[in-house]
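Good morning, and thank you for coming. I shall speak today about one protein model, and I ask you to keep the structure in view as we proceed.

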Amino acid sequence: MSELVRFSVSLESPLLGAFDRLIEGKGYATRSEAIRDLLREQLLRERSQRARGEQVAVVSLVYDHHERRLADRLMDRQHHHHRLVVSTMHVHLGPHHCLEVTVLRGPAHQIRQLGDKLIATKGVLHGEIRFTAGEQELSRLHSAEHHQE
Ligand code: NI
């Protein structure tokens with residue numbers, strides 16, 4: 001069980017005011033909980049991109065579905081790396097544009113390679129890859145909190 005540590009932070013009052021408004025809008029009950037989430041997010045993102053073992057990431061792609069053969073090219077690339085692809089959700093945003101969200105699972109460098117390749121596919125208008133973490137890492141970061149509530 002981890003010990004709960006208190007520390008103080010100095011920052012400019014406008015920055016704190018903006019932070020308080022942000023976290024109130026997001027529904028956080030306390031600054032502590034909001035700061036824990038921010039720290040976890042940064043740590044997970046940094047670590048999981050370099051960590052060994054199984055990692056998980058979400059890749060989102062926005063593209064024009066009239067772009068010639070683009071959907072086929074994206075599908076081909078996913079089939080080629082089918083062991084990394086857990087699932088894909090396709091959303092028709094409107095008459096022209098599609099949003100595709102894919103969950104990838106596997107070694108970090110392979111996830112990164114495939115994610116980059118999908119985002120770089122000609123015709124993709126916007127793409128993003130967000131690493132979360134595998135079960136092991138999440139359990140480690142969360143175990144401390146379960147004892148504090
Ligand atoms: Ni569509």
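Let us begin with R36 and E33, whose side chains meet in a salt bridge, with N to O at 2.8 Å; a salt bridge here is a side-chain nitrogen of Lys or Arg within 4 Å of a carboxyl oxygen of Asp or Glu. Please note that this is a predicted model, in which local features need pLDDT of at least 70 and side-chain atom pairs count only at pLDDT 80 or more, while totals for chains, interfaces and linings use all residues. Residues are numbered from 1 along each chain as its sequence is written, and side-chain values use heavy atoms, with hydrogens and water left out.

Both R36 and E33 lie in helix α2, three residues apart, which is about one turn of the helix. Helices (H or I, at least four residues) and strands (E, at least two) are DSSP runs, numbered from the N terminus. R36 is partly exposed, because its relative accessible area is 27%. By definition, buried means under 20% relative accessible area, exposed over 50%, and partly exposed in between, with a 1.4 Å probe and protein chains only.

A second salt bridge joins the side chains of R105 and E54, at 2.9 Å from N to O. This pair links distant parts of the chain, with R105 in strand β3 (residues 97-107) and E54 in strand β1, 51 residues apart. R105 has 42% relative accessibility and therefore counts as partly exposed; E54, at 45%, also counts as partly exposed.

Finally, we turn to the nickel ion. Its protein donors are H90 (NE2), H92 (ND1) and C98 (SG), lying 2.1 to 2.3 Å from the ion. Donors are N, O and S atoms within 2.8 Å of the metal (3.2 Å for Na, K and Ca); water is not among the atoms, so sites may look incomplete. In sequence, these donor residues are spaced H-x1-H-x5-C. Is C98 buried or exposed? C98 counts as buried, because its relative accessibility is 3%, whereas H90, at 34%, counts as partly exposed.
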